[in-house]
Amino acid sequence: SNGSFVWGKGIPGIYAYVKGIEVDNIGNPYITGYFEDSISFNSVTNNYHFSQGYRDVFFAKYNSSGTSEWSHTIGSTLFDKGLNLNFDNSNNLYVVGEFYGTINLSTGPIPDMHVSAGGTDAFVAKYLPNGSFVLGEHFGGTGNDSGMEVVIDNSSNIYFSGIFEGTMPVNGTSITLTSNGDDDVFLIKLDGTGTAIQAESF
């Protein structure tokens, strides 16, 4: 609380970028971002993750002492980025970002495949505090679309926002958002099962 140094971590990797960092309700920090080629989150074991394509998404959990608890990478054979993260009241993790091509959002043995509609599509995925996959959704049109923020309310509704180009069909609804220029902002409300309820653009 007085600004004194407590601990710090380096993340060995090729072109590794941390884009989001948040602390859960019990003081555990999580990070997300993207990397090329390889990355490691444990300086003791140096267990490396390898990208499936040009850039892949990573997200990782540390305890309050800075010890690595777990880490996961997800990606396609093309360009993918983790751009932000947040938690609900039960410390479930939500990761948002963008992907291009075909991506598997699952961290477990059962895949959860998503295919982008044109350029990059926006994704939101939910994971348990131990990193196990719960659900994933994506939204996008023929332009480049990116998920940049996520907030979860006390009823487990998910508020997902980012930017999009051109048109963006909102999966599960009759809504198609249309941009007024190059990039517009989208805001989509999903229920706790990941089903879209409402959507607006600005």
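K61 has a relative accessibility of 9%, so it counts as buried (buried is under 20% relative accessible area, exposed over 50%, partly exposed in between, with a 1.4 Å probe and protein chains only). Before going on, note that this is a predicted model, where local features need pLDDT of at least 70, side-chain atom pairs count only at pLDDT 80 or more, and totals for chains, interfaces and linings use all residues. Residues are numbered from 1 along each chain as its sequence is written, and side-chain values use heavy atoms, leaving out hydrogens and water.

Back to K61: its side chain meets that of E69 in a salt bridge, 3.8 Å from N to O. That label calls for a side-chain nitrogen of Lys or Arg within 4 Å of a carboxyl oxygen of Asp or Glu. E69 is partly exposed because its relative accessibility is 42%.

The count comes to two salt bridges, and R55 with E36 is one of them, with the closest N and O atoms 3.0 Å apart. R55 sits in the loop between β3 and β4 while E36 is in strand β2 (residues 29-40), so the pair ties together parts 19 residues apart in sequence. Strands here are DSSP runs (E, at least two residues), numbered from the N terminus. R55 is buried at 18% relative accessibility, and E36 is buried at 11%.

Now for some backbone angles. Most residues other than glycine have a negative phi. N91, though, has a positive phi near 65°, and it lies in the loop between β6 (80-87) and β7 (93-99). S156 also has a positive phi, near 70°, and is found in the loop between β12 (146-152) and β13 (158-164).

Notes:
Helix = DSSP H or I, 4+ residues; strand = E, 2+ residues; numbered from the N terminus.
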